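I set out to record how parts of this chain pack against one another. The entries below follow the order in which I looked things up.

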Amino acid sequence: PSEVLSVSTLPSEVLSVSTLPSEVLSVSTLPSEVLSVNTSLLGAGEGGLFAPEIPCGAAHVMITQSSSSPPLLQPAAYSPKSVSLCVGDVMHTAGGRDGSGTVTLEKIFLYPVKSCAAFEVSCWLLGAHGFQYDRLWMVVNERGSCVSQKQEPRLCLVKPVLNLEGNRMMLSAEGHGSISVPLEGDTHMSLSPRIGVCQTTVCGDRVMGTDVGDEAAMWLSAVISRSCRLWRQDPQNQRKAKKQPSGNGGVTLSLANEAPFLLVARSSIEWLLSVLRESTSENSFGYDDVLMRFRPNLVVAGGLPFEEEGWSEIATGSAVFKVTGLCCRCQMICVDQSTGKRNTEPLQVLLSFRGSKATFGVYLAADN
């Protein structure tokens, strides 16, 4: 039927199939603990459950439409194949010292605006180029070139919040209030002559996008005290990842530099924190401070320090990720993400203990 609702990643206490109103409902790719399916109802037809195929940790539910029932949920632009990751997911690793093992997903971060602050979530949908809305916007200078924390460390003070239901991204900065821009096309946004198709480069790749408008440009320029504009990647723009998983050459990127996902391990952060405290006179580093300097998408708990570098893949019940390489670090990890101030650590310690490439964290690409 045309009235189909799509739901992803509901907490276990929210959804009970037996008590739903008579609506048409599609539930896809939920963790196994979220939805318990009564298998005696499978194939029961009209009024019952319809689940011709239930992959691990997922279910598809259909209940007949009733015109007298109010809508239970607003329609969402998720396909039946949508996949979400959630904090607490158990992830199975392949490779490494012991051949295989398990870790727990501890934190999830998005960076909707490239080089701006992180947006932490407990569950999030995977999109075509990584997490949905991750690094879809970036700040550009008057020449249209990308501005990152290498040139302007105060970008880390711009904090994004995504409101999917309201179709808005809120940007805020201390002392500058806030501004919101649409996640998708919005006819209520005040347009300016500058809005139109734009072209720039990211890591040598030509990318197409749209200028978001004068209001956002003026607000951002005031925050970082230099003329700049906010730019959104064209959804149809295709950037091929330079490091492709074996047997899968179709991995594409948003505005991320190297790969759709970056993973770091808690044990590796804790190792670095202990070395920083032993090897330098700098005792002000805390776990969260060090973690946020590395700007990961995924943080996992379990395993030994740097064990992640030996993994070939990592998987949940609904998604498989291939490890495509190690992340070589640069001066950006010397920016305190809470203040925007630079120092020389932890890069100097990494160079001393990890070699000239200062590797830390691994790149991932979804394999399925």
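Predicted model: local features only at pLDDT ≥ 70, side-chain atom pairs only at ≥ 80, totals over all residues.

Entry 1. What covers the buried residues of α2? I found that the cover includes β18 (261–265), α3 (287–293), α4 and β22 (359–366). The residues of α2 that I listed as buried are S267, S268, I269, L272, L273, V275 and L276.

Entry 2. I checked the dimensions of α2. The helix has 14 residues, and its first and last C-alpha atoms are 20 Å apart, close to the 20 Å expected at 1.5 Å a residue.

Entry 3. I then examined how α2 (residues 266–279) meets α4 (residues 347–354). The two helices pack at an angle of about 100°, and their axes are 10 Å apart. Angles of 65 to 115 degrees count as roughly perpendicular, so α2 is roughly perpendicular to α4.

Entry 4. I looked up T359, which is in strand β22. T359 has a relative accessible area of 10% and is therefore buried, the cut-off being under 20%. Setting aside residues up to four places away in sequence, T359 touches E309, L326, C327, C328, L350 and R354.

Entry 5. I turned to the nonpolar cores. The largest has 48 residues, and F131, W137, L230, F321 and L364 have the most contacts inside it. Helix α1 (residues 214–224) gives the most to this core, namely 5 residues. Apart from it lies another core of 22 residues, with F306, V349, L350 and A358 among them.

Entry 6. Which residues does W137 touch, not counting those up to four places away in sequence? I listed P112, V113, K114, M169, P182, L183, V212, L230, W231, R232 and L255.

Entry 7. I314 is buried, its relative accessible area being 0%. Leaving aside neighbours within four places in sequence, I314 is in contact with M91, H92, T93, V103, L263, A319, V320, F321 and L364. I also noted G95, which is 219 residues from I314 in sequence but 9.1 Å from I314 in space, C-alpha to C-alpha.

Terms used: Residues numbered from 1 in each chain as written. Heavy atoms only, no water. Axes fitted to C-alpha atoms, helices over the stretch in contact; angles between N-to-C directions. Helix = DSSP H or I, 4+ residues; strand = E, 2+ residues; numbered from the N terminus. Parallel < 35°, antiparallel > 145°, perpendicular 65-115°, else oblique. Expected span 1.5 Å × (residues − 1). Buried < 20%, exposed > 50% of the residue type's maximum accessible area, 1.4 Å probe, protein only. Contact = heavy atoms within 4.5 Å. Core = buried A, V, L, I, M, F, W, Y, C linked by side-chain atoms within 4.5 Å.
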